Amino acid sequence: IRSKLEQSWQGAIKQCFPQHDFDQGVNVLTARMGKQFLEEYLTGELERVPHGRLRLMGQELSAVTTLDYHGLNLTFKGKMDRLEDLGNLRRIVDFKSGMLHHDGKELQLQNLESCFDGDHNKAFQLLCYAWIFHRETAQTGFVLPAQGAILPLQQARNGPVCLGLPSSEPNEAPAHENLITVAHLEAFEDLLLERLGAFLDPEQPILQTSDTKRCAYCPYNRFCQRTDEE
């Protein structure tokens, strides 16, 4: 694969971005960085699984599921960057262009509720993928248990960082494990329904967030002019 990397990379950027010139300007740097990320990723994978078997099952895989909430059909869609087989164990991998900070603590959940707190949004994303694909297993062929992982391209050499979950056994002491089970996804669906109930309740007032740091990411903050200082 390494021997074909240069040719494959050049073919990919020309196919995906035919209107762009990668021989001058900032695009030259983009092309070089992309190739470098791939080289580091492949080198790291070779070191991590020298005797193991890692098989690519699919890329950009899509699935759709419908959830019935008191007669209201809610549709959830997901597109998975990469699905791998690690010797009869599935692994969802989502690529990120940036970095994971603090050794990936944002992927370590002390409890499932924390995936909804906004600080663990990548963990929520991975659980959501697993939940959608598991609900549509006849269509997707997705089976549990499975791993969820984020691959930050700026740290590609280190490989995917796995989602850490609390034990799915209620009587066990809290301990991180990296396998998503049916019990995890059943609990995730219950929590999702609980929050959907709050969103869809007409008696609940629509209020501004109390966490003003989130306002920096809101596309409508030019209307309310809210800032962190407030």
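Residues are numbered from 1 along each chain as its sequence is written, side-chain values use heavy atoms, and hydrogens and water are left out. Because this is a predicted model, local features need pLDDT of at least 70 and side-chain atom pairs count only at pLDDT 80 or more, while totals for chains, interfaces and linings use all residues.

**Figure 1. The protein chain holds six helices and five strands.** Helices (H or I, at least four residues) and strands (E, at least two) are DSSP runs, numbered from the N terminus. Follow the sequence and you will read the pattern α-α-β-β-β-α-α-β-β-α-α. Along the principal axes, the C-alpha atoms fill a box of roughly 60 × 50 × 35 Å. Of the 230 residues, 35% count as buried; buried means under 20% relative accessible area, exposed over 50%, and partly exposed in between (1.4 Å probe, protein chains only). The accessible surface comes to about 14,700 Å², and 52% of that belongs to carbon and sulfur atoms. Accessible areas come from the Shrake-Rupley method with a 1.4 Å probe, and for residues only the protein chains shown count as cover. Among contacts (heavy atoms within 4.5 Å) between residues at least 6 apart in sequence, 61% join residues at least 24 apart.

**Figure 2. Helices α3 and α5 cross at roughly 105 degrees.** Here you see α3 (residues 121-135) and α5 (residues 182-200), whose axes come within 10 Å. Axes are lines fitted to C-alpha atoms, for helices over the stretch in contact, and angles run from 0 to 180 degrees between N-to-C directions. The two helices are therefore roughly perpendicular to each other. Angles of 65 to 115 degrees count as roughly perpendicular, under 35 as roughly parallel, over 145 as roughly antiparallel and the rest as oblique. From α3, F124, L127, C128, A130, W131, H134 and R135 take part in the meeting. Their partners in α5 are V182, L185, F188, E189 and L192.

**Figure 3. K122 and E106 form a salt bridge between distant parts of the chain.** A salt bridge is a side-chain nitrogen of Lys or Arg within 4 Å of a carboxyl oxygen of Asp or Glu. For this pair, the N to O distance is 3.1 Å. K122 sits in helix α3, while E106 lies in the loop between β3 (90-96) and α3, 16 residues apart. Both ends are buried: K122 has a relative accessible area of 18%, and E106 counts as buried at 18% too.

Figure 4. Side chains of opposite charge can pair when their charged atoms come close. K96 and D94 meet at 3.0 Å, N to O. In this pair K96 is partly exposed at 22%, whereas D94 is buried at 3%. E194 and R195 meet at 3.8 Å, N to O. Of these two, E194 is exposed at 53% and R195 is partly exposed at 23%. Look as well for E45, R82, E84 and R91, which are linked in a network of salt bridges.

**Figure 5. V26, L29 and M33 make a nonpolar surface patch.** The patch covers about 290 Å². Patches are made of residues with over 30% relative accessible area and no salt bridge; like charges are joined within 9 Å, nonpolar side chains (Val, Leu, Ile, Met, Phe, Trp, Tyr) within 5 Å. With a relative accessible area of 58%, V26 is exposed.
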